[in-house]
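Reader: I have not looked at this one before. Can you walk me through it?
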Amino acid sequence: MSIYGFAKGTEFEKVAAASAQGEANGVMMYYALARLAKEQGLDELEIVFKELGDQEAVHAGFFAVMNSQYPQDFWDFVANVQKLEASAKGKYLPLAEKVRAAGCPEAAAEIERFAEEEAHHGVVLANILKKYAPQAQ
Ligand SMILES: [Fe+2]
Ligand SMILES: [Fe+2]
């Protein structure tokens, strides 16, 4: 049985929404801690924080589905996400340039890597749309 929308419009809606957001914030927090740990040479802690962050990501997705935060019939939604992903590179590259000019080449190089990853997300989504949902716009 699907849990989709089980909380929507019920006594569980508010707690599910707050939990989804709280868990999503937890992903950000744990990955920030992982990054800080790595910068401080604590590689084993980086792995632990990432593991906790990955679990929080699962929790966030779970509560979002309980509250039908995204459409169950998701292909048109995915088609829109694909467009956003494909355009993200165009925002990150100029940002990287500005950050480099402002004196932080380490951050600039990483933001450039993110730009490539966003473009990759766009390609992956375009490929699955082509394969599974050629009708989605
Ligand atoms: Fe959690
Ligand atoms: Fe992305």
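Author: Helix α3 passes α4 in a left-handed crossing. Bear in mind that this is a predicted model.

Reader: What is the angle between α3 and α4, and how far apart are their axes?

Author: The angle is about 165 degrees, and the axes are 8 Å apart. Here α3 covers residues 75-101, and α4 covers residues 105-132.

Reader: Roughly parallel or roughly antiparallel, then?

Author: Roughly antiparallel. The cut-off for that word is an angle over 145 degrees, and α3 and α4 therefore qualify. The residues of their contact divide into 20 nonpolar, 3 polar and 5 charged.

Reader: Pick a residue in α3. Is Gln 82 buried or exposed?

Author: Gln 82, which sits in α3, is buried, because 20 other C-beta atoms lie within 10 Å. The cut-off for buried is 20 or more.

Reader: Which residues is Gln 82 in contact with?

Author: Setting aside neighbours within four places in sequence, Gln 82 contacts Gly 122, Leu 125, Ala 126 and Leu 129. There is also a distance for Asn 127: its C-alpha atom is 9.9 Å from that of Gln 82, although the two residues are 45 apart along the chain.

Reader: Different topic. How do α1 and α2 pack?

Author: Helix α1 (residues 13-39) and helix α2 (residues 43-66) meet at an angle of about 165 degrees, with axes 7 Å apart. They are therefore roughly antiparallel to each other. Their crossing is left-handed. In the contact of α1 with α2, 17 residues are nonpolar, 4 polar and 6 charged.

Reader: Which residues of α2 are buried?

Author: Phe 49, Glu 56, Ala 60, Phe 63 and Met 66. The buried residues of α2 pack against α1.

Reader: And what length does α2 reach?

Author: From first C-alpha to last, α2 reaches 35 Å with its 24 residues. That is close to the 34 Å expected at 1.5 Å a residue.

Reader: What comes just after α2?

Author: Ser 68, with a positive phi of about 45 degrees. Ser 68 belongs to the loop between α2 and α3, and its positive phi occurs in a residue other than glycine.

Reader: How many other C-beta atoms lie within 10 Å of Ser 68?

Author: There are 17, so Ser 68 is partly exposed. Buried would take 20 or more, and exposed 12 or fewer.

Conventions:
Residues are numbered from 1 along each chain as its sequence is written. Chains are lettered from A and ligands numbered from 1 in the order in which they are written. This is a predicted model: local features need pLDDT of at least 70, side-chain atom pairs count only at pLDDT 80 or more; totals for chains, interfaces and linings use all residues. Axes are lines fitted to C-alpha atoms, for helices over the stretch in contact, and angles run from 0 to 180 degrees between N-to-C directions. Helices (H or I, at least four residues) and strands (E, at least two) are DSSP runs, numbered from the N terminus. Angles under 35 degrees count as roughly parallel, over 145 as roughly antiparallel, 65 to 115 as roughly perpendicular and the rest as oblique. A crossing is left-handed if the near helix is turned anticlockwise from the far one by less than a right angle, and right-handed if clockwise. Ala, Val, Leu, Ile, Met, Phe, Trp, Tyr, Cys and Pro count as nonpolar, Asp, Glu, Lys and Arg as charged, and the others, Gly among them, as polar. The expected span of a helix is 1.5 Å times one less than its number of residues. Two residues are in contact if their C-beta atoms, placed from the backbone, lie within 7 Å.
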